[in-house]
Amino acid sequence: MSNIELHIPNENELEYRRHLISDKETMNYNIGYGDDGTGCYYQTMEQMKEWYKNWNNGTKNYYAYIIHKNDNMPIGEVDIHWSGYCQKHIIGIVIEAKYRGKSYAKEALNLLCNVAFNELKLDKIYDDFPASRIAAEKVFSKVGFIREDDAFVVLTKDRYNKIHKK
């Protein structure tokens, strides 16, 4: 039985995202990017609400919090979005630093794949991260993703269904 579930926040539930993307320990995988090179983004609630308009709005974009069922508290976030830059559906997952190492990433990734393939009816999803991010490489591999090249891992609906017997 899963310990987590995905919850699409409404416009008034974005404070956790503000916290998550501004936490240096959580965002350290993103060093070199962000507002100040630490990987963090510092946004006002007005900026968060503007960002939110592009998500969960009837498009193939999807954004949700990862919620721990025992206490109904968010422990991270997941997303799916179309990237015009690389012409792919890119997924993302961030587990808050204090919750890492507890297998939540694999559970959340499986839930996100279910959304991608069964709700959004996508045939293929990608994520872009270097193979040197060992923890990410390991969890994506466990779910069924294959490294396509130096930048991308990919998972097809057929491969996911075969691995997970759906």
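Leaving aside neighbours within four places in sequence, asparagine 30 is in contact (heavy atoms within 4.5 Å) with Gly39 and Tyr41. The structure is a predicted model, in which local features need pLDDT of at least 70 and side-chain atom pairs count only at pLDDT 80 or more, while totals for chains, interfaces and linings use all residues. Residues are numbered from 1 along each chain as its sequence is written, and side-chain values use heavy atoms, with hydrogens and water left out.

Asparagine 30 sits in the loop between helix 1 and helix 2; helices (H or I, at least four residues) and strands (E, at least two) are DSSP runs, numbered from the N terminus. With a relative accessibility of 15%, asparagine 30 counts as buried, the classes being buried under 20% relative accessible area, exposed over 50% and partly exposed in between (1.4 Å probe, protein chains only). Glutamine 47, by contrast, belongs to helix 2 and counts as partly exposed at 41% relative accessibility. From glutamine 47 to asparagine 28 there are 19 residues in sequence and 22 Å in space, C-alpha to C-alpha.

Helix 1 and helix 2 meet at an angle of about 100°, and their axes are 10 Å apart; axes are lines fitted to C-alpha atoms, for helices over the stretch in contact, and angles run from 0 to 180 degrees between N-to-C directions. Helix 1 is therefore roughly perpendicular to helix 2, on a scale where angles under 35 degrees count as roughly parallel, over 145 as roughly antiparallel, 65 to 115 as roughly perpendicular and the rest as oblique. On the helix 1 side, Glu15, Arg17, Arg18 and Ile21 meet Met45, Met48 and Trp51 of helix 2. Sorted by class, this contact has four nonpolar, no polar and three charged residues (Ala, Val, Leu, Ile, Met, Phe, Trp, Tyr, Cys and Pro count as nonpolar, Asp, Glu, Lys and Arg as charged, and the others, Gly among them, as polar).

Aromatic side chains are worth a look next. Seven aromatic pairs turn up in a search of the whole structure; rings of Phe, Tyr and Trp (its six-membered ring) pair if their centres lie within 6.5 Å, with planes under 30 degrees apart counted as stacked, over 60 as edge-to-face and the rest as tilted. One of them joins tyrosine 16 and tyrosine 65, whose ring centres are 5.3 Å apart with planes at 85°, so the pair is edge-to-face. Since tyrosine 16 lies in helix 1 (residues 15-22) and tyrosine 65 in strand 2 (residues 62-68), the pair ties together parts that are 49 residues apart in sequence. Tryptophan 51 and tyrosine 63 are both buried, and Tyr16, Trp51, Tyr63 and Tyr65 form one aromatic cluster.

Glutamine 87, in the loop between strand 3 (73-83) and strand 4 (88-95), has a positive phi of about 60° although it is not a glycine. Lysine 121, in the loop between helix 3 and strand 5 (124-128), likewise has a positive phi of about 60° without being a glycine.
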